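Hi,

Here is the structure I promised to pass on.

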Amino acid sequence: MPMLKQPNQKYAAYKPFAFADRTWPNKTITTPPIWLATDLRDGNQSLIEPMDVERKKKMFALNVRIGIKEIEVGFPSASQTDFDFVRFLIEQKQIPDDVWIQVLSPARDAFIERTFESLKGVKRAIFHLYHATAPVMRNVVFGLSQEEVLQTMTIPHVRQVKALMAKNPEIEWRFEFSPEMFSNTEMDFAKRVIDTVVEEFGATPQNKVIINLPTTVENTTPNCYADQIEWIIRNVAKRDCILISLHPHNDRGTGTAAAELALMAGADRVEGCIFGNGERTGNVDIVNLALNMYSQGVHPNLDFSDIDEIKKTVEYCNQIAVHPRHPYAGDLVYTSFSGSHQDAIKKAFASREAKQTQIWDMPYLPIDPMDVGRSYEAVIRVNSQSGKGGISYLLQSEYGVDLPRRMQIEFSQVVQQVMDTTGKEMTADDIWNIFDREYLSKPTPYKYVGHKLAEDSSKPEAVEVQTEVVIDGATHRAKGTGNGPIDAFVSAIAGELHAPVKVMDYHEHSIGQGANATAITYIEMRVGDGPTLHGVGMDSNIVTASFKAILSGLNRDAARVRTSEATSAN
Ligand code: KIV
Ligand code: ZN
């Protein structure tokens, strides 16, 4: 064997067939497909430890609960567990009236017989027959020509299935045929096989046959699969007697895209697994595909309103964890750590609230997390990459504290300092504790005790305040006048307590409602020649909240002076 210069030289590029007048690129998906879940067959066959009966029961119940009406429950001729499970479903009357179970069989006499045996007593069922059609299988594995495949594999086994169905007329039957490795098969031969199956089975528009077209191994870009599907749809002899089903695997990581483009090409049905379990890289992920439709305004007719419960069940059944970044379901997919993303999300939530709109127009969140049972709590998480947006969003959403803009910048620096020391992600509670420590509970040197207000509108400085403040443990009284309570308080503490404060900006709002409402006041101020900083006060009385805010600013300034003196002493 000659040596190759590079390993990639051993792979031949897919040669697209001539199909210039394809129409699917101009189509969109406007209706959901018929769904078939194959977790219990394709998915189960691919597990390190296949599901036991308990797990199978849970997976079946989950498929039903999600709203899947066609469920492939096993490969009864290949596995006694699968056979027994099919018997359990039938004998224990576990199949809801509106659900079809489907069973898979290879095109071999004894396997078909055994598969029929598993179905005794069922009310209705889809019999799924398959054999491979691709050249590598015909030439290398079977050693058969195209004609021989038709004569020895397709025709006799379709006839056998048809005859066995006729022998059990009390059962409502449907028939599915899969040319395994369809996407690697020459299109003219695939068409011949399909036409033969439809003819031999005697399908009619009233009794359609399901023709399932797998990318058993995905090895082209998704557009090639869409071309194949559209070509087959346009060229089969009896389109009106066929439901075209897709069965995309995910070897190139494009199973979802392949299914979407092939639906645009006109397919009717999709076979896949919940969270994309299945052989190798898995079958197409039904959750991903369905919620992609959902985010485009098309209801998939499936229920994913409690995605975490679904995830828990699937992880239990498959014994495989769902990746934290799995589309729509991963633990991290509705979470933003980046400051600019958080800021944009925060603004969009506020705008949505202000506009009272139902339409979802949210940066960085493709769907509303609430629609899959997630809360907004996890939307924003704060780490060392986060900025003010995330921090203030968490304070607002979890504690009702709506920081003014310049204070957001100041407080984010406080949080950043803590995070630089701990290096850890912050929860809303952690952020609240920092806020409380920094602004609300700094005990020294100033502590509010009480005040009295008097008002005489005939005077230019209409308000007089008498206040009591503890400074470093000693109680002080002070009196001042001004054109409002804050002005009067500032004058009182400047004159008699020697605390020169200049108020630069003021914001307040209430937290909570009715009798339990609390006022929160944010005061931007300067102490003497010091830098601008904020103080915050909370109280059921709005005036008291303002006075506390000024004392909070004084305490912060005192802490700043202490730190800078300590730093210069070192
Ligand atoms: O992937 C595949 O080709 C299959 C067939 C048996 C339908 O699972
Ligand atoms: Zn498969």
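**The cavity and the zinc site**

Helix 8, residues 222-235, gives the largest share of the lining of the largest cavity, with three residues. Do keep in mind as you read that this is a predicted model.

On the cavity itself: searching the whole structure turns up one cavity of 30 Å³ or more, and the largest cavity holds about 60 Å³ of space. Its lining includes Ser 183, the run from Val 217 to Pro 222, Tyr 225, Gln 228 and Ala 258.

Now the metal. Which residues are the protein donors of the zinc ion (ligand 2)? They are Asp 42 through OD, plus His 247 and His 249, each through NE2, at 2.1 to 2.2 Å from the zinc. Along the sequence, the spacing of these donors reads D-x204-H-x1-H. His 247 has 4% relative accessibility, so it counts as buried, the cut-off being under 20%. His 249 also counts as buried, because its relative accessibility is 4%.

Then there is ligand 1. The residues around it include the zinc donors Asp 42, His 247 and His 249, and also Arg 41, His 128, Tyr 130, Ser 178, Glu 180, Asn 212, Pro 214 and Thr 216. A few distances to check on your screen, each to an oxygen atom of ligand 1:

- Thr 216: 2.6 Å from a side-chain N or O atom
- His 247: 3.1 Å from a polar side-chain atom
- Asp 42: 3.4 Å from a side-chain N or O atom

Cheers

Technical notes: Residues are numbered from 1 along each chain as its sequence is written. Chains are lettered from A and ligands numbered from 1 in the order in which they are written. This is a predicted model: local features need pLDDT of at least 70, side-chain atom pairs count only at pLDDT 80 or more; totals for chains, interfaces and linings use all residues. Side-chain values use heavy atoms; hydrogens and water are left out. On a 1 Å grid over the protein atoms alone, a cavity is a set of points where a 1.4 Å probe fits but cannot get out, and a pocket is an open set with protein on both sides within 12 Å along at least five of seven lines; lining residues have an atom within 4 Å of a point. Grid points are joined across faces, edges and corners, and a volume is the space filled by probe spheres set on the points. Helices (H or I, at least four residues) and strands (E, at least two) are DSSP runs, numbered from the N terminus. Donors are N, O and S atoms within 2.8 Å of the metal (3.2 Å for Na, K and Ca); water is not among the atoms, so sites may look incomplete. Buried means under 20% relative accessible area, exposed over 50%, partly exposed in between (1.4 Å probe, protein chains only). A residue is near a molecule or strand if one of its heavy atoms lies within 4 Å of it. A polar contact is a pair of N or O atoms within 3.5 Å; within protein, one must be able to donate a hydrogen and the other to accept it, and residues adjacent in sequence count only if both atoms are side-chain atoms.
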